[in-house]
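Visitor: I am new to this structure. Could you show it to me and take some questions?

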Amino acid sequence: MVSYDAFRAKLEEKLSQGMGEKLLKSRVFRHLFKKVFSWQADFQLKTTEEMTNFALDITAKSLKEGEPTVWTSAFFPDEIAYAAGMTPFSPEIASGVMAAFGQAEKMLKEAESIGFSPETCSFHRCAGGMDINDYLPEPAMILASTHLCDGAPQLLKILASRHRVDFNVLDVPAGRSQKAEEYLTRQIEEAFSSCEKITGRKISQNDIEKSFAASNRAREKWLEVCELRKKFPPVLTSPAALSFVYLNFLGYGNPRTADIFSLLVDELKKKLEDRFDLNHPGKVRGNKENPYLLWLHLRPYFSREMFDYIQGRAEIVYEEMNHLFWPPLDPDEPFKSLARKILSHPGLGPIDNRVEAIKEMIEDYQIDGVVHFSHWGCRQSAGGTYQLKDSLKKMGVPFLDLQGDCVDPGGFSTGQIRTRMESFLEMLESRYQAVN
Ligand code: SF4
């Protein structure tokens with residue numbers, strides 16, 4: 001019998017030989033992908049398998065000839081793509097997957113060799129390298145938004161001209177004023193029209209209702225997941241929970257997302273029922289065995305080593321990237337409603353919005369310490385660490401800023417991260433023991 005490690009090595013070898021598309025369609029690959037996904041997530045629930053199937057199906061669909069595939073940037077509202085009957089594809093997520101397969105370094109080098117600056121975010125450089133290698137599906141058009149990430153529109157504009165397809169960008173203002181909402185609403189209406197122009201099909205009120213109903217149902221289910229995560233003991237922690245960022249980025253507007261979240265709700269309830277009373281208040285500090293952590297921004301996808309240091313000493317009970325921040329969508333005011341969704345992101349505008357959201361998360365999840373993974377080149381997340389640290393200090397919440405890279409193993413110093421993590425955990429443990 002071939003070991004799992006040998007399977008994974010073989011898969012990486014095949015991918016490095018440029019067999020991306022063929023592999024994706026093979027059953028063996030699907031099986032291996034699930035294995036790798038589970039290894040990354042370390043999460044033995046049926047939900048993980050369902051999410052992996054969804055990821056594979058939607059990626060395979062985007063690769064199918066004649067399928068109108070639209071590339072979207074990470075924070076773009078994909079309800080538009082689903083309403084238009086298009087398949088969204090995220091080059092940034094593809095970079096994370098490439099890193100998980102140990103293939104990012106090669107892509108990064110190739111992107112840099114043709115002029116992508118090593119000073120920029122590796123999610124974008126890696127996507128550029130993947131595009132040169134024809135790993136990505138052919139786009140019918142590309143949609144991006146400027147909010148939070150200013151690297152994405154730059155990259156996607158280059159790739160749109162490379163593929164000679166339409167590029168539509170939402171210029172998102174930083175404020176939440178009525179003027180900002182109106183300005184964005186008009187652009188969203190134009191984005192709908194651009195999709196219609198590409199597909200040659202009118203987006204009906206029924207299409208919008210279906211996409212919004214799927215999004216709202218997923219929203220409700222994810223909020224239920226979040227409520228269950230507040231209970232004792234924590235039944236969903238990271239790194240497993242961080243894998244749901246995938247659906248929180250690309251799944252809203254697709255009916256399968258709500259089904260997957262619904263299954264997750266059932267599985268988490270079962271976990272709680274099997275071991276504890278669901279009505280247990282879970283608010284008593286003495287119930288906790290280890291300090292609780294809040295994780296800010298993303299994680300390195302090529303390694304789970306840093307989570308191994310944490311295991312058994314602290315629990316990552318919530319993640320900023322899984323935070324649901326927007327009101328339900330209204331199909332009777334589709335453009336305005338999506339504008340409101342975008343403008344309600346806590347990372348938009350002054351840092352105070354992000355700080356306020358983090359304070360709420362700290363209270364809701366009984367957080368003892370906050371870890372910020374500062375990904376190289378990401379101004380929207382790393383740019384605010386000073387103010388975050390300062391605000392959390394005033395609240396008496398310890399803060400650790402870990403600097404590294406989510407995609408590029410060369411931008412990650414294991415020794416340094418281990419040392420900083422170790423002293424942070426020691427400090428947290430002694431504080432925690434002193435008050436319990
Ligand atoms: S890590 Fe930051 S810069 Fe990179 S894609 Fe995400 S938001 Fe953009």
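**The sheet and its neighbours**

Guide: Start with the open sheet of 4 strands, with parallel pairing and the order E2-E1-E3-E4. Keep in mind that this is a predicted model.

Visitor: Which are the edge strands of the sheet?

Guide: An edge strand pairs on one side only. In the order E2-E1-E3-E4, look at the two ends. There sit strand E2 (87-89) and strand E4 (166-170).

Visitor: How many degrees does the twist average from one strand to the next?

Guide: Follow the order E2-E1-E3-E4 across the sheet. From one strand to the next, the twist averages 25 degrees.

Visitor: How many bridges join strand E3 to E4?

Guide: Strand E3 covers residues 141-145 and runs parallel to E4. Within this pair, Leu-143 stands opposite Asn-168 in E4. The number of bridges joining E3 to E4 is 5.

Visitor: Which helix lies across E3 and E4?

Guide: Look for residues 178-199. Their helix runs at about 160 degrees to E4. The one lying across E3 and E4 is helix H10.

**Around the ligand**

Visitor: How many charged residues does the shell around the ligand have?

Guide: The ligand is surrounded by Phe-75, Glu-92, Cys-121, Phe-123, His-124, Cys-149, His-297, His-375, Cys-378 and Gln-380. By class, 5 are nonpolar and 4 are polar. The charged count is 1.

Visitor: Is Cys-378 buried or exposed?

Guide: Cys-378 is among the residues around the ligand. Buried means under 20% relative accessible area. Cys-378 has 15%, so it counts as buried.

Visitor: How many disulfides are there?

Guide: A disulfide needs two cysteine sulfur atoms within 2.5 Å. By this rule, the count of disulfides is 0.

Visitor: Why does Ser-211 count as buried?

Guide: Ser-211 is found in helix H11, residues 205-229. Away from its sequence neighbours up to four places off, it touches Glu-79, Tyr-82, Ala-83 and Gly-253. The cut-off for buried is under 20%. Ser-211 counts as buried because its relative accessibility is 2%.

Visitor: How far apart in space are Leu-338 and Ile-188, C-alpha to C-alpha?

Guide: Leu-338 lies in helix H15, residues 334-343, and is buried at 0% relative accessibility. Beyond four places in sequence, it touches residues including Ile-188, Phe-192 and Phe-212. Leu-338 and Ile-188 are 150 residues apart in sequence. In space, their C-alpha atoms are apart by 7.6 Å.

Definitions and conventions:
Residues are numbered from 1 along each chain as its sequence is written. This is a predicted model: local features need pLDDT of at least 70, side-chain atom pairs count only at pLDDT 80 or more; totals for chains, interfaces and linings use all residues. Side-chain values use heavy atoms; hydrogens and water are left out. Two strands pair if DSSP finds at least two bridges between them. Axes are lines fitted to C-alpha atoms, for helices over the stretch in contact, and angles run from 0 to 180 degrees between N-to-C directions. Contact means heavy atoms within 4.5 Å. A residue is near a molecule or strand if one of its heavy atoms lies within 4 Å of it. Ala, Val, Leu, Ile, Met, Phe, Trp, Tyr, Cys and Pro count as nonpolar, Asp, Glu, Lys and Arg as charged, and the others, Gly among them, as polar. Buried means under 20% relative accessible area, exposed over 50%, partly exposed in between (1.4 Å probe, protein chains only).
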